[in-house]
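Let's take a walk through a protein model, one piece at a time.

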Amino acid sequence: MIQSTSETILSIKDLHASVEDQEILHGVNLLVKEGEIHAIMGRNGSGKSTLSKVIAGHPSYKVLSGSIQFKGINILELAPEERARIGIFLGFQYPVEIPGVSNLEFLRVATNSRRKELLQSELDTFEFEDLVKERMKIVEMDPAFLERSVNEGFSGGEKKRNEILQMALLEPFISILDETDSGLDIDALRIVASGINKLAQPSSATILITHYQRLLDEITPDFVHIMADGKIIKTGNKELAIDLEKSGYDFIDNNKKDKEMVN
Amino acid sequence: MTQTNTVEEIVAQPYKYGFTTEIETEKIPKGLNEDVIRLISAKKNEPDFLLKFRLRAYEQWLKMKEPDWSGLTYSKVDYQDLVYYAAPKQDIKKKSLDEVDPKLLETFEKLGIPLSEQKRLSNVAVDAVFDSVSIATTYKEKLAEHGVIFCSISEAIIERPDLIEKYMGTVVPINDNFFAALNSAVFSDGSFVFIPKGVECPMELSSYFRINSGDTGQFERTLIIAEESASVSYLEGCTAPMFDTNTLHAAVVELVTLDDASIKYSTVQNWYAGNEKGVGGIYNFVTKRGECRGKRSKISWSQVETGSAVTWKYPSCLLQGDSSIGEFYSIALTNNFQKADTGTKMIHIGKNTKSKIVSKGISAGQSKNSYRGLVSISPNAEGARNYSQCDSMLIGDKASANTYPYIQSKQPQSNIEHEASTCRISEDQLFYLQSRGIDFEESVSMLISGFCSDVFNELPMEFASEADKLLALKLEGSVG
């Protein structure tokens, strides 16, 4: 059972945001406390990915009104790198390839920038190799991937494992995993899900953005939110996801109709 | 502030080597005529054959016209308004470093090239050239034990006239082009390397060229010979103070490899590029050519070009020996009003000759950055192969990048591949790196290093990080 005294990690209030002058989020409210796992579900275009990019600070997305607080700090003025350093992690739906940049070096620079923020000593190449090899075991990744360029030529599943590896190294307070399950076969899904479970800490929280119930069979959420038209329209427990799986998104439409009728 | 503006700001980095050394200089009067050439030759106590070489070149030069084919515009050079010989006042060549003016040693130390015995690099021999003369060469004795000659070209002319007469002007003929002819007439100093048969040069060799005087043309001449089965890796570096006038640098580099020999020639060019309005900077009009005379010999050019107002430079390979190999790896970074027209020529003459070209151009500001290259396969070059890859990266929307690959094949049994691409720094890549806690500046720098990594991998170990640092320096700056 979640204790009401536990600390709030993320608090989003009446968030409106746009991309290319088009408003996508129309007033999102969300409260995430430590130790919690939240799932956000919804159709394509409902604003799930936009929400994740706005939290991480993507420069193309503009916040029109509302607030995002992380551990009591307003983060809207912070650059993406500053948000990352204080412990906000975004696992990308489509991790980009960066040719010529060594994965090992990238992971090391990223890890050290977080460690610096936590006033931990920076790791040299040798120390870091030990750490990264140990963390790679969590997602059953072959150390050969360290020698390659960031995500270059990785399969869909390898890219997602590389994302979870980054999460394992950065030890964030909140991880927002944007469709981490998409494009994974069942084995890869299990590996990734078990990685996420192993990394869960009482002092951190996770937001899973997903279309499907199948990830939630592996990771049990404390809360399930359904997003439509840039808003969270329904919040429940894991049963909500199961209902959704059974009746499909039509029930959102029915839900909306009900609302409209009430209005 | 938009993303593009900030990237541009990062690329704009003040030039760190723009200081001038206050030193008494001996200069001959401005202007060029036969007497000036005789005077230069006399100052260097040159043998008669070399004076004749210079005079023949001068005669050819008078008949030639300054080229204008590349479409680059620049204010014309007044050849009568240049000084053709400038040297720090001291005896031309000192026996030991202790006798070199401390100001000169200090200058090179400031440039990151310590020459004194205590501080010099442990695995790199350096020839330091200041304006028209070489002031010191380190590790000469140690190299001599292996039969390797590494000295200034002026010394080589006196000590080994046989080698000079045999090789100089055989790769780049005196009438090759306007600037090569001018160089052949007035060249002042440069480096000479001779690696005898069967010797693998025990350390990296390096020349560092420093232009100090504002009105002096620099015409250095470098000649590297690797005899049968010999090999050497050589690096040149260049910087100059900031002047608001343009200074001419017209060098000639000749390389020769005999059977099974190899030369790796790397350049880190960081001449003063002019200010952000395009005033001042070096005109870098250079002829570099290597001839793989021997079978299975190899010449590899790698260059990191970040400086100069205008650059014309096409390090080339004449692949004469059967199964010889030519390589060209280039990074050219231009900013503000810099113009670079650089590339290579791979001339396949022997059978089964191979060449590889990898060029990376990065253009920012209002600069123009062009790759211009020729791959030519002669009728006898059966089985010749070439692979070319030319990638351009644009920063901002005012810079331009062009690729001019010329291909001439007269041999049906040959194989030529060419790939080209143009890209911009992608916002998604930047955001990805930033979202992992890496700051904007470092992210840009990482992306550019990544773009150039194919070429960095080809630089000698000692210099790869130096070159990376140089690019990073150019990219360093305030993010607003």
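A bit of housekeeping comes before the tour. This is a predicted model, where local features need pLDDT of at least 70 and side-chain atom pairs count only at pLDDT 80 or more, while totals for chains, interfaces and linings use all residues. Residues are numbered from 1 along each chain as its sequence is written, chains are lettered from A and ligands numbered from 1 in the order in which they are written, and side-chain values use heavy atoms, with hydrogens and water left out.

Start with chain B, which has eleven helices and 24 strands. Both kinds of element are DSSP runs numbered from the N terminus: helices are H or I with at least four residues, and strands are E with at least two. Of the 480 residues in chain B, 62% are buried. Here buried means under 20% relative accessible area, exposed means over 50%, and partly exposed is in between, using a 1.4 Å probe and protein chains only. Now look at contacts (heavy atoms within 4.5 Å) in chain B between residues at least 6 apart in sequence: 83% of them join residues at least 24 apart.

Over in chain A, find the open sheet of four strands, ordered β2-β1-β4-β5 with antiparallel pairing. Two strands pair if DSSP finds at least two bridges between them. The edges of this sheet are β2 (22-33) and β5 (73-74) of chain A, each pairing on one side only. β5(A) is joined to strand β4 (residues 61-70) of chain A by two bridges, and A:F70 has A:I73 in β5(A) as its bridge partner.

Rolling a probe the size of a water molecule over the atoms shows where empty space is left. A cavity is a set of points on a 1 Å grid over the protein atoms alone where a 1.4 Å probe fits but cannot get out, and its lining residues have an atom within 4 Å of a point. Grid points are joined across faces, edges and corners, and a volume is the space filled by probe spheres set on the points.

How big is the second largest cavity? Its volume is about 50 Å³. Among its 14 lining residues, B:E236, B:H249, B:N284, B:V286 and B:K288 are the closest to its centre. β13(B) gives the largest share of this lining, three residues.

Four bridges join β13(B) to β15(B) in parallel, with B:K313 in β15(B) as the bridge partner of B:V286. β15(B) also pairs in the parallel sense with strand β18 (residues 339-342) of chain B, over four bridges; there, B:K313 has B:T342 as its partner. Both faces of β15(B) are covered, with B:V310 and B:W312 buried on one side and B:T311 and B:K313 buried on the other.

Finally, two loop residues. Most residues other than glycine have a negative phi. B:R296 has a positive phi, near 55°, and lies in the loop between β13 and β14 (298-305) of chain B. B:R296 is partly exposed, at 46% relative accessible area. B:S323 has a positive phi too, near 60°, and is partly exposed at 30%.

Notes:
On a 1 Å grid over the protein atoms alone, a cavity is a set of points where a 1.4 Å probe fits but cannot get out, and a pocket is an open set with protein on both sides within 12 Å along at least five of seven lines; lining residues have an atom within 4 Å of a point.
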